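Subject: Structure for you to look at

Hello,

Here is the structure I promised to pass on. Please open it and keep it in view while you read my notes below.

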Amino acid sequence: MPISATRKAAIRAEIVEHAARLFRLRGHAGTNIDDIMLAAGLTRGAFYAHFTSKDALFAEVVRRGHGLLPRLRAAEKPAAVLDAYLDRENLSAAAQGCALASLAGDVARAPLAARLAYANVLHGVIAELARGKKRTLDTDATAVAILAVGAVTLARASGDPRLSDWLLRCGRRAAKALMKPKPKNTPKRRASPKKKRSTSRPKVAAALPSRR
């Protein structure tokens, strides 16, 4: 008996969820289809009813944007999300839960579909950080995204806890400075132009007729 569309969608979502966790933990190369389907409690044969290959599943995992993007979309204040994202106590959760930070190296070596999905998620993060601004690719919002994801990626890779902590603190401090609303420039009062003093010598007056 064929399963319903709702049940099929639920199974697909479950596969993606388990795959996302394993990809973030082991990387693309260190994760195989059998591991994913075993974690989902399904057989390998069931995999191909939902995905054509592991690369297609990997692109779907990246496209879902686990981590930073959903949190930004659900939050009223992006600054609070960034503060938690760059918190030393939450480093493990932030790194493991964010595809942008944990899968960047794998995505760079992946087929085009995964790299385009990564770009779309990154666009979404920048747009969320640029709320209320004229451009979705705002310069400051882009810099904040670079600082946040970069700091978590480097802190996660560093084997020195003190350096990891310092990277997160510097990233958080710089991101906060960029997220602060900038004061509107008040128009300066235009000073009236000063009259230029002539540096040329005065002309000699015409000689008057002498009086006798």
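In what order do the elements of the protein run from the N terminus on? They run α-α-α-α-α-α-α-α-α-α-α-α. That comes to twelve helices and zero strands. Bear in mind that this is a predicted model.

Now the whole chain. The protein has 212 residues, and 36% of them count as buried. It exposes about 14500 Å². Carbon and sulfur atoms supply 56% of that area. Take the contacts in the protein with a separation of 6 or more: residues 24 or more positions apart account for 63% of them.

Start with isoleucine 126. Look for it in helix α10, which covers residues 112-129. Its relative accessible area is 7%, so isoleucine 126 is buried; the cut-off for buried is under 20%. What does isoleucine 126 touch, leaving aside its neighbours within four places in sequence? It is in contact with Thr136, Leu137, Asp138, Ala141, Thr142 and Ala145. Check the last of these. Isoleucine 126 and alanine 145 are 19 residues apart along the chain, and their C-alpha atoms are separated by 6.2 Å.

Then go to glutamate 60. It sits in helix α4, residues 54-64. Is glutamate 60 buried or exposed? It counts as buried, because its relative accessibility is 11%. Leave aside its neighbours within four places in sequence, and glutamate 60 is in contact with Arg12, Val16 and Phe51.

Best wishes

Methods: Residues are numbered from 1 along each chain as its sequence is written. This is a predicted model: local features need pLDDT of at least 70, side-chain atom pairs count only at pLDDT 80 or more; totals for chains, interfaces and linings use all residues. Side-chain values use heavy atoms; hydrogens and water are left out. Helices (H or I, at least four residues) and strands (E, at least two) are DSSP runs, numbered from the N terminus. Buried means under 20% relative accessible area, exposed over 50%, partly exposed in between (1.4 Å probe, protein chains only). Contact means heavy atoms within 4.5 Å. Accessible areas come from the Shrake-Rupley method with a 1.4 Å probe; for residues, only the protein chains shown count as cover.
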